[in-house]
Amino acid sequence: MSPAGLRHDAAKLTLRMNVPKSGYRVFSANSTPACTELAKKITERLGVELGKSVVYQEANRETRVDVKESVRGQTIFIIQTVPRDVNTAIMELLVMTYALKTSCAKNIIGVIPYFPYSKQCKMRKRGSIVCKLLASMLANAGLSHIITMDLHQKEIQGFFSFPVDNLRASPFLLQYIQEEVPDYRNAIIVAKSPSAAKRAQSYAERLRLGLAVIHGEAQCSESDMADGRHSPPFVRNTFGHPGLELPLMMAKEKPPITVVGDVGGRIAIIVDDIIDDVEDFVAAAEILKERGAYKIYIMATHGLLSADAPRLIEESAIDEVVVTNTVPHEVQKLQCPKIKTVDVSMILAEAIRRIHNGESMAYLFRNITVDD
């Protein structure tokens, strides 16, 4: 072959090598079939197949991941829903991410609808901020971006060294209220504690409904008493500077349970981001019944529904619990027919499509204010 022909072939080869790879793949990092349902719905909406991989636990419970196809130069989305075994799900995500990183994936984006350990985002006495630790672990494993939904605290986004898209489930829950709650115009939005009032106010303003707040309930784990301000415990220092007397912080004393707002003859809709242990919700429903509410709904994004939650809901004054499918809860639905599910795969699929195509995410956050 002539030198000119060699140069021509080399130029064509260089051109092919310089063409950017625009493909993307979607994988599920879950080892249990129930947890892959959301991933299947998302891929159906995107019109792509779920990536070929095997995730399983060895006999000694070590996590093993085998990627069955080439991902070189591609953008990879890993969908990880978190079941009751939270720590196994985290290890599956970390090992899958690292396996794809070492297989030369171009970008690895985690789709984690419910971000685990999100309640452990504050320093409590001599504890640790586990949510920050998890963010560092995901970054070190190889994630470059995260798509999640309704973080327990929006400030958690600051724990990450890469972009975080914190989507909202409220449009789907608001639509459910308008379409599925009979006579919803006679409803009132309820915050089961003052700390949940901002979220409840957002729902009330969008639905043009009234707002009620339950105040004086039993102290919860989110209270200021456990945020680290009493660590180490206060001890009067008898060896300090002579004459130095620091004023003592007065202990908190919650008033008797009261409902701020009129719920008599109304439909009460309690809104929150997570429903896990349901004792607080059951107690709130009893108070609202005593105050005259004739029907009680609970709306939450993440339905963890741990322990005896289905039984307690079934035996309570709660009429319906509505959660999204960010967390698998099919077993709980079989135990309690009051639990209903809203599908949010549409917004997650649209987020994946927009990120892959380099489009703006602003459309998914329209009409969402800083306080939402």
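What percentage of the 372 residues in the protein chain do buried residues make up? Buried residues make up 45% of them, where buried means under 20% relative accessible area, exposed over 50%, and partly exposed in between (1.4 Å probe, protein chains only).

This is a predicted model, in which local features need pLDDT of at least 70 and side-chain atom pairs count only at pLDDT 80 or more, while totals for chains, interfaces and linings use all residues. Residues are numbered from 1 along each chain as its sequence is written, and side-chain values use heavy atoms, with hydrogens and water left out.

**Figure 1. Overview of the protein chain.**
The secondary structure comes to 10 helices and 14 strands; helices (H or I, at least four residues) and strands (E, at least two) are DSSP runs, numbered from the N terminus. The mean pLDDT, the predictor's confidence in each residue from 0 to 100, is 87, and 87% of the residues reach 70 or more. Over residues 6-21 pLDDT stays under 50, and the model has five contacts for them beyond four places in sequence. Contact means heavy atoms within 4.5 Å. Among contacts between residues at least 6 apart in sequence, 68% join residues at least 24 apart. The chain exposes about 19600 Å², of which carbon and sulfur atoms supply 54%; accessible areas come from the Shrake-Rupley method with a 1.4 Å probe, and for residues only the protein chains shown count as cover.

**Figure 2. The buried side of helix H2.**
Helix H2 spans residues 37-46, and its buried residues include Leu38, Ala39, Ile42, Thr43 and Leu46. Why do they lie on the same side of H2? They cover an arc of only 130 degrees around the axis, which puts them on the same side of H2. The arc is that of the directions from the helix axis to the C-beta atoms. An α-helix has 3.6 residues a turn, so residues three or four places apart point the same way. Strand S1 (24-28), strand S4 (75-79) and helix H10 (345-357) are what the buried residues of H2 pack against. Just after H2, Gly47 has a positive phi of about 75 degrees.

**Figure 3. Surroundings of Arg25.**
Arg25 is found in strand S1. Its relative accessible area is 17%, so Arg25 is buried. Leaving aside neighbours within four places in sequence, Arg25 is in contact with Glu49, Leu50, Gly51, Glu69, Gln74, Thr75, Ile76 and Phe77.

**Figure 4. Nonpolar cores and Leu167.**
A nonpolar core is a set of buried Ala, Val, Leu, Ile, Met, Phe, Trp, Tyr and Cys residues joined through side-chain atoms within 4.5 Å. The largest has 47 residues, and those with the most contacts inside it are Ile147, Leu167, Ile189, Ile269, Met299 and Leu348. Helix H10 gives the most to this core, with six residues. Apart from this core lies another, of 31 residues, among them Val65, Ile90, Leu143 and Ile156. Beyond its neighbours within four places in sequence, Leu167 has contacts that include Ile147, Thr148, Met149, Ile347, Leu348 and Phe365.

**Figure 5. Helix H5 and its cover.**
In helix H5 (residues 170-180), the buried residues are Phe172, Leu173, Leu174, Tyr176 and Ile177. Their cover includes H6, S11, strand S12 (295-303), strand S13 (320-324), strand S14 (339-342) and H10.

The structure holds 14 salt bridges, a salt bridge being a side-chain nitrogen of Lys or Arg within 4 Å of a carboxyl oxygen of Asp or Glu. One of them joins the side chains of Asp272 and Lys192 (3.8 Å, N to O). Asp272 is in strand S11 (residues 267-275) and Lys192 in the loop between strand S8 (187-191) and helix H6 (197-207), 80 residues apart. Asp272 counts as buried at 13% relative accessibility, and Lys192 counts as buried at 15%.

In helix H8 (residues 309-315), Arg311 and Glu315 lie four residues apart, about one turn of the helix. Their salt bridge has its closest N and O atoms 3.3 Å apart. Arg311 is partly exposed at 41% relative accessibility, whereas Glu315 is exposed, with a relative accessible area of 58%. In helix H10, Arg354 and Glu350 are also four residues apart, and their side chains meet in a salt bridge (2.8 Å, N to O). Arg354 is buried, with a relative accessible area of 13%, and Glu350 is partly exposed, with 21%. Salt bridges that share partners join Glu350, Arg353, Arg354 and Glu359 into one network.
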